[in-house]
Amino acid sequence: MAILVDKSTRLVVQGITGGEGSFHTRQMIEYGTNVVAGVVPGKGGTFFDDKIPIFNTVREAVEKEGANTSIIFVPAPFAPDAIIEAADAGIKVIVCITEGIPAKDMIQVYEYLKHTNSRLIGPNCPGVISPGKAKVGIMPGFIHKEGTIGVVSRSGTLTYEAVKQLTELGFGQSTCVGIGGDPVIGSKFTDIIKLFNEDPETEAIVMIGEIGGTAEEEAAEFVKNYVDKPVFGFIAGRTAPPGRRMGHAGAIISGGKGTAQEKMKALADAGIHVIENPAVIGETVKKVLSEKPKRKVFVMSSSSRKATQKKKRKSSTKKNKSKTNQKQNLE
Amino acid sequence: MKIHEYQAKEILKKFGVAVPKGRVAFTPEEAVEVAKEIGGNVWVVKAQIHAGGRGKAGGIKLARSYDEVYEHAKNMLGAKLVTYQTGPEGKIVKKVLVEQGLSIQKELYVGITLDRSTSRNVVMVSSEGGVEIEQIAAESPEKILKEYVDPKVGFMPYQARRLAFGLGLDGEAFKNAVKFLLALYKAYEETDASLAEINPLVLTTDGQVLALDAKMNFDDNALFRHPEIVEMRDIDEEDPLEVEASKYNLNYIRLKGNVGCMVNGAGLAMATMDLIKLAGGEPANFLDVGGGAKAETVEQGFRIILSDPNVKAILINIFGGIVRCDRVAQGVVEAARKVGVNVPVVVRLEGTNAEEGAKILKESGLNFIVANGFKDAAEKVVNVLKELGIN
C-alpha cells in the first residue's frame, strides 16, 4: 500500500511538450512511473519521445489508455481549465504543479471538485511520490526510500530536506505528499493525514507546516480525535515578521493569527511531537520511534473506552449538525 | 499588492460604493483647491502611506477653514509619519487625501477576505467600527457577523440584508447599507482583491452609509489580468532593496538581523531563517532564489544581501534536487568573484553531484565554509558568529 499513487497509477501528463512538462516526464519515467499518455490540445495523434501517445483531450487519454491519474504543467492562466477537464474525464488523482493560479479561480475549481470523485493535490506543489512505486511530481527521486513514514508538507525543498534526513537515518517513506503553498489548495493537511491514518503501511506521520492560515491547527484537532499513529510536526517561519508574505501566497501572519508559536502549541496540545529545529527532523523521529512502541497505547478499561467512542461519536454528530445548518442557510 | 487609501476609494467609486467627496493632493496649494472643489466648511486631511494607525500618529487632521487645510497639508507633506505599523523608521508622506467632513452617527466595520478553511470568500461586519477587527474578534467574537459566499451564486442580496439587519439598521440607512455591501463585494470580486476592508464604515446623521477609510490588497497571482491595478503600485512605499530584488524575480524581504541567507524554496528559506535564530544569530533577510538557483540569480542575490550593511555573515542553503550541485557551485563561485564578497559565507549544497560541488567551492580560493548537511550548516554559522564576536 501507500496513498494516492502506486504501481496501479496510469499517469497522463497535461502539458507534456512544454519545458517543465517534458523534462519531468522523462524523470518520472526513469523513476519507474507508468506514464501512459500526454495531453496537448492540437497535438493529438503525435508521440512524446516516440513512445508516449499524445491526445487532444484528457477524456481520450482515459478512454484509450486507461489513465487514472494526471499531472498538470500548463501555465497558470490555463491550469484551472486543465484541472476541471481532468476531473470531468474521471481522473481520480489530479496533481497540479503549476504555480501562480489566482485564488479566485481556485475557489471555483475547489467548489467544482467537491461534487466529483476526484482528489486534487496542489496547485503550486512538488507532487506526490510513493518511493519504489511511482513518482508523480518534480521531487528528486533518489533522496527517497521505501518505508513506513508518511510525509505531508506545504513546501517543496523543505520537504526534500526532511525526507533526506529520514532516509539517511534509515527511515523510508510510504508516501510523501506536497500539498502546496497557496491559500486555496485541493487537499489540506487533514485530508492527507486521514489517508495516512487509514493506510496500514504507514506507521508514523511527519507533517511540515508553515506560518499562515489555520490548516495546521485543524489537522491537530483531527489528530487529537482520530489518529493513533505517532505524528511529528514542524512549523517553518518562527522568525517571520507579521504582515509580510514569505514567498508562498499562504505564508503570512495577519492580525496576530497564524504564527509559528500558536501552531506549535496547537500541535503539542494534540499530542503531536513538535520538532523545534529543522535540522533534527530525522533525529527526532528516530529518537521517538526507537523509544516508544509504534502505536499509542491506550489503557482499555471499559470506562475510558466508552469515553473515546463517545468523543468520536460526538464529533461526528457535530459534523452532521453543521451540514444541516449549511443546508438551512442555503434555503 | 497594496495600494493607497485614495486609490482604493477611486476603485470603489467605479463600482458604485459610496465614498466621501475628495481627491488626492501633492502640495498644500492643491489641497486647498480640492477643499474648494468639495465645498462645505469642514474637511479632513489624510496622509497617504501604506500603513495603518495614521490617526493616532497625527496623520489625519480635521480642518475648519482653507487656512487649516493648507497648514495640515503643509505639515504632513514631506514629513515622516511614524505609526505602530511603519516601525520606528516611519514613512515619508508624499501625498494627502482631502475629503469632505461628515456628520457621523455611528462607526461600523466591514471586511471581505478569503477564508482558507472553507476555501470561500467571507463578508464580515461588526457594529464596533473604528477599532482593530482582531481586537473585536478576541474580545467579543459575537459582535462579528459573517456570511460565506457560495461561489456558484456569488454574494446574494439576502446575505447583504441579513448583515444589514444584524447591524441594527433600518429605513434609509438599511437600504444604503445593503447597496453598499453588494457593491463592495462586486469591487472585491472583479478586481481579484485579497482584502477589502472598510474600517470605519460610517453611518451619517442623514442616513448615508459611506467608506470613511478603505484598504484594498490584491492577489499578486491575478495581477496579469489587471494592468490598471499594477499601475497603482507605489515604489516609494516599498523597501528599495526589495524593489531591486523583484526586478530579478527574487523573492526578498529585508529583516533587521545580521546573518544574510540565500535559499531555494520559500519553506526551506523560512526554516533556514529559523535555524539562524536557533544558532544565536538573527536573520537579515528572507531570500528565495527559486527552484533552479542559476548563476545570475545567485549573483543578484549576493549583491542584494551585501547592500544591507548589517550583514556580517551569509548562509547559502541550496537543496538542488534534480539541479546539479556542481553547476550551482560554479554559479556561486563566479557570483562571489564578480561581486567581491567580503564576509564569511557558509555554503550548504545538497542534491545531485553534491561532492563535486563542495570540491569546486573548496578549490575556489574564496572564503567559503563548506557545510555538509543542514545541521552542520547551523553549527558552522554558530562558529562564524562566535569568531565575529556576535554570539
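Predicted model: local features only at pLDDT ≥ 70, side-chain atom pairs only at ≥ 80, totals over all residues.
Q: How many residues do domain 1 and domain 2 of chain B bring to their contact, and what makes it a contact?
A: Two residues are in contact if their C-beta atoms, placed from the backbone, lie within 7 Å. By that rule six residues of domain 1 of chain B and seven residues of domain 2 of chain B take part. The side of domain 1 that touches domain 2 divides into one nonpolar, one polar and four charged residues. Here Ala, Val, Leu, Ile, Met, Phe, Trp, Tyr, Cys and Pro count as nonpolar, Asp, Glu, Lys and Arg as charged, and the others, Gly among them, as polar.

Q: How many residues of each class are on the side of domain 1 of chain A that touches domain 2 of chain A?
A: Chain A is assigned domain 1 (1–123) and domain 2 (139–295). Their centres, taken over C-alpha atoms, are separated by 26 Å. The contact takes 15 residues from domain 1 of chain A and 17 residues from domain 2 of chain A. On the domain 1 side, 13 residues are nonpolar, one is polar and one is charged.

Q: Which element gives the most to the side of chain B that touches chain A, and why is it called a helix?
A: It is α9(B), with eleven residues. A helix is a DSSP run of H or I of at least four residues, numbered from the N terminus, and α9 of chain B spans 266–278. Across the two chains, 41 residues of chain B are in contact with 47 residues of chain A.

Q: Why is a set of residues called a nonpolar core, and which have the most contacts inside the largest?
A: The name applies to buried Ala, Val, Leu, Ile, Met, Phe, Trp, Tyr and Cys residues joined through C-beta atoms within 7 Å. Buried means that 20 or more other C-beta atoms lie within 10 Å of a residue's own. The largest such core has 161 residues, and A:Ile72, A:Ile193 and B:Val381 have the most contacts inside it. The element that gives the most to this core is α9(B), with eight residues.

How values were computed. Residues numbered from 1 in each chain as written. Chains lettered and ligands numbered in written order. Helix = DSSP H or I, 4+ residues; strand = E, 2+ residues; numbered from the N terminus. Domains from an automatic or database assignment. Buried ≥ 20, exposed ≤ 12 C-beta atoms within 10 Å, placed from the backbone.
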